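Biologist: I would like to learn how to read side-chain surroundings and helix packing in a model. Could we go through some cases?

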Amino acid sequence: MVKTRSRGDLMKNKSSLIFYICMVALPLTQICIFFIAVNFNSILLAFKSYTSDGEYIFVGLDNFKTFFRELFGEKSAAMRMRLTNSLLLYAVGLIVGVPLNIIFAYLIYKKVPCAAFFNVILFLPQILSSIIMSIMFRYFMEKALPVIAELLNVTNLPSFFVDISSAFPTILIYNVWAGFGGQIIVYISTMSRIPGELVEVGKIEGMNLWQEFRYLTFPMIYSTISTYLVIATSAIFVNQASLFNFYGNEAPAYTQTFGYYLFVTVLKSDGYDAYPIAASMGLCFTAVSIPLVYFVSWLLNRYNPEVET
């Protein structure tokens, strides 16, 4: 026997469909306008050039040729420096920043002495404006640190934001420090959702603090860590390293990253002439980033530790 739907069921399904359409209409509209439309125009700009008449004309692959000439031609040294700095910024965040964030988050989660104090101090860079934090950091490095060095009879301090040997390492230190807070809060929140029964089992089995972290806590927060690493990988070529806060649009070439270079290229443009070359560079970086992100995601998913108790 074929069952027929009543009028009430049809009206209920229709109401549910209308509700669903209304709920997804706004985010879909935002995606269409602010992502698809904007990026589609950016892709078109990569194949255009701005003329003296104030119009864009299609020039094919000329912008890409210009970029590759800069990358491998006379300006290759500066471009290689930007690439090196971008990769170094990612590597330091991966090798130094992530482990430190996880360690401090775990210690705060285990409520070590002064845990609440450290939680506030480490989250401070996220509370204050990035400009304020940059000014405070620069003032400390250029004014306060020399006074401390003098008291300790330490001489010949470098000019931290000017010298080639110390400028970018100083920027790396700032980015690691400023990166605290947001990550720590996320990790602590994830750790707090670990079932108390598992922690109790670990204590019964005689786990110490390190064993609990290795066999229980780390596997439980691994998905959060892998998500952060994937997002960080996607930002390799757009991370400005807060250089604009310290140098404005005049950062020395030996401190620049590709993210900063793209930003300043457009910012210092007198008109719209820099948009096409910036768009072509962004398209090239996207072509490199997409397979890299998929590879990192695959690699992280392949190693997925299980909780051992």
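Modeller: Start with contacts from beyond the local sequence. This is a predicted model. Leaving aside neighbours within four places in sequence, Thr233 is in contact with Tyr90, Leu292, Val293 and Val296.

Biologist: Where is Thr233 found, and is Thr233 buried or exposed?

Modeller: Thr233 belongs to helix α9, residues 209-234. The cut-off for buried is under 20% relative accessible area. Thr233 has 1%, so it counts as buried.

Biologist: Which backbone oxygen lies 2.7 Å from a polar atom of the Thr233 side chain?

Modeller: That of Leu229.

Biologist: How does Ser234 read?

Modeller: Ser234 also lies in helix α9. Its relative accessible area is 39%, so Ser234 is partly exposed. The side chain of Ser234 reaches the backbone oxygen of Ile231 at 2.6 Å. As for distance across the model, Ser234 and Thr51 are 183 residues apart along the chain, and their C-alpha atoms are separated by 33 Å.

Biologist: Now a helix pair. At what angle do α11 and α12 pack?

Modeller: Helix α11 (residues 258-267) and helix α12 (residues 275-302) pack at about 160°, with axes 9 Å apart. Angles over 145 degrees count as roughly antiparallel, so α11 is roughly antiparallel to α12. The crossing of α11 past α12 is left-handed.

Biologist: Which residues meet there?

Modeller: From α11, Phe258, Tyr261, Leu262 and Val266; from α12, Tyr275, Ala278, Met281 and Phe285. Sorted by class, this contact has eight nonpolar residues, no polar and no charged ones.

Conventions. Residues numbered from 1 in each chain as written. Predicted model: local features only at pLDDT ≥ 70, side-chain atom pairs only at ≥ 80, totals over all residues. Heavy atoms only, no water. Axes fitted to C-alpha atoms, helices over the stretch in contact; angles between N-to-C directions. Helix = DSSP H or I, 4+ residues; strand = E, 2+ residues; numbered from the N terminus. Parallel < 35°, antiparallel > 145°, perpendicular 65-115°, else oblique. Left-handed = near helix turned anticlockwise from the far one by under 90°. Contact = heavy atoms within 4.5 Å. Nonpolar A, V, L, I, M, F, W, Y, C, P; charged D, E, K, R; others polar. Buried < 20%, exposed > 50% of the residue type's maximum accessible area, 1.4 Å probe, protein only. Polar contact = N/O pair within 3.5 Å; in protein donor to acceptor, adjacent residues only side chain to side chain.
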